Amino acid sequence: MKKMWTGVTDGVTNKIADDFNSSISFDSRMFAQDIKGSIAHAMMLAKQNIISEEEKTVLIDGLSGILEDLSSGKLEFDENAEDIHMFVEQILTERVGETGKKLHTARSRNDQVALDFRMYVRDEIKVIISKLKSLISSITTQAETNYDVIMPGYTHLQRAQPITMGHHLMAYATMFMRDIGRLEQADVMLDVCPIGSCALAGTTYNTDRLFEAQKLGFSQVSMNSIDGVSDRDFAVDFLSACSLIMMHLSRFSEEIILWSSWEFKFIELSSEFTTGSSIMPQKRNPDMAELVRGKTGRVYGDLMALLTTLKGIPLAYNKDMQEDKESVFDAGDTVKACLDVFAPMIKTMKVLPENTLLAAQKGFINATDLADYLVKKGLPFRSAYKISGEIVKECLSKGLVLETLSLEEYKKHSDLFENDLYNDISLKTCVEKRISLGGTSPSSVLEQIKLVKGYLEKNV
């Protein structure tokens, strides 16, 4: 394909240099954004009488045909093209003749790629938000099914206090809601149209940048043409949001891996989302969760790669910035793939209430409630804490739990103990009385579920 920038040079470059310089192999995925941007540009040029209405019609019809042919697969990308912009312009000129050469008036590839990339990231944000909502819905359904299932809550991976499975699951629902908020904020931040900045200094043509921006769904234009072509903050914002999504997925994956092990056995994953061993027939490996955990580092790497690429680039556009896209493409693809597998994996997993309850009974996780019992009887908390610790020590030495230690033994530690203590330290009571907003009581969990369901219904 003939290079569109031949002029001061003859456009003849070494084949190795051509291959090294070319970006069509990856930026071709922005063809829809590139063509939509060009259609809006043709509209603006005609509105400003820079081209005629007839020429506008020819350009738009030609571009629409290319979009349709690329979408259907009728037209294939030319790997010899330098980039998606040159490819589309070349095909357009072949199809409509000299009029096609007028399309690039009052713009540069610098502001064109900045526009395409913003539009691409904006579209990716919408897709990922939709997938996050599907995951939140799966989590909420599981939480509602298991809103009162008692399990041990952990700190330092040590059994700490009794909670409900619904409460634990809803913690992840709130994490992923924050992720949606971050993506929405990233979308607000990228709502600045760079087209019309041209190479870096603007243009001598009497353009209407706001008109073109509004046609493309942007509410404002870049106020500085140099910043317009060199800004990639929006890509970093997107990668940062993707990294946090993966961090949350990775934490959830770690718990799923632990919970599905024989040592915990709190859940069983559907066979649809586990794999077997080539030599150990008993194995059901949580490979999907492990892969998500592993792919988190990959997305972190995408973020660091772009930050490192951008850190030393002088204004305005530099070829280094061609390296911005593959990191964003890879991170977006990875996050979408992980969300696609995660939502149904959570939806189909089975919670094992008998095992979660048994684990809760063995961990002395109602010791805080035992201390609270004494506090309600008038003992200072520090004194109550000391007595409760001594009782736990005694239970451990006798192979008992707090619920099975006799009242006679309790009274050896304090006369404040009465028969009512057994109700106060039952695991069921322990979770039911934690009624504070956001707490683990079944009533509180149901309220959390109600709020999240309302959020999902309101933000379809």
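A salt bridge, as I use the term today, is a side-chain nitrogen of Lys or Arg within 4 Å of a carboxyl oxygen of Asp or Glu. By that rule, this structure has 28 salt bridges.

Before the details, a word on the source. This is a predicted model, so local features need pLDDT of at least 70, side-chain atom pairs count only at pLDDT 80 or more, and totals for chains, interfaces and linings use all residues. Residues are numbered from 1 along each chain as its sequence is written, and side-chain values use heavy atoms, with hydrogens and water left out.

Two more terms. Helices (H or I, at least four residues) and strands (E, at least two) are DSSP runs, numbered from the N terminus. Buried means under 20% relative accessible area, exposed means over 50%, and partly exposed is in between (1.4 Å probe, protein chains only).

Back to the salt bridges. Take D83 and R109. Their closest N and O atoms are 2.7 Å apart. D83 sits in the loop between α4 (53–72) and α5 (84–96), and R109 sits in helix α6, so this pair ties together parts that are 26 residues apart in sequence. How exposed are the two ends? D83 is buried, at 6% relative accessible area. R109 is partly exposed, at 23%.

Next, E409 and K412. This salt bridge has its closest N and O atoms 3.1 Å apart. E409 is buried, with 16% relative accessible area. K412 is exposed, at 59%.

K428 is exposed at 51%, and E432 is partly exposed at 39%.

There is also a network. Salt bridges link R29, E124, D333 and K336.

Now the aromatics. A pair of rings is described by the distance of the centres and the angle of the planes. Rings of Phe, Tyr and Trp (its six-membered ring) pair if their centres lie within 6.5 Å; planes under 30 degrees apart count as stacked, over 60 as edge-to-face, and the rest as tilted. The count comes to 13 aromatic pairs.

One of them is F117 with F234. This pair is edge-to-face, with 5.4 Å centre to centre and 70° between the planes. F117 lies in helix α6 (residues 109–145) and F234 in helix α10 (residues 233–259), so the pair ties together parts 117 residues apart in sequence. Buried or exposed? F117 is buried, at 0% relative accessibility. F234 is buried too, at 2%.

Then there is Y410 with F417. That pair is tilted, 4.9 Å centre to centre, with 55° between the planes. Both residues are buried.

F117 also belongs to a cluster. Ring pairs link F117, Y120, F234 and F329.

Some rings have a charge over the face. The rule is NZ of Lys or CZ of Arg within 6 Å of the ring centre and within 35 degrees of the ring normal. K325 lies over the face of F117, 5.5 Å from the ring centre. R122 lies over the face of F218, at 4.4 Å.

On to the cysteines. How many disulfides does the structure hold? Zero, where a disulfide is a pair of cysteine sulfur atoms within 2.5 Å. C338 is buried, with a relative accessible area of 2%. C395 is in no disulfide either, and the nearest cysteine sulfur, that of C430, is 14 Å away. C395 is buried, at 0%.

Now the surface. L200, I226 and L315 make a nonpolar patch of about 270 Å². Patches take residues with over 30% relative accessible area and no salt bridge; like charges are joined within 9 Å, nonpolar side chains (Val, Leu, Ile, Met, Phe, Trp, Tyr) within 5 Å. Areas come from the Shrake-Rupley method with a 1.4 Å probe, and for residues only the protein chains shown count as cover. L315 is in the loop between α11 and α12 (324–348). L315 is exposed, at 66%.

I279 is in the loop between β3 (267–268) and α11 (287–310). I279 is exposed, at 70%. I279 and A241 are 38 residues apart in sequence, and 40 Å apart C-alpha to C-alpha. G454 is in helix α19 (residues 442–458), and is partly exposed at 27%. G454 and T334 are 120 residues apart along the chain, with 29 Å between their C-alpha atoms.
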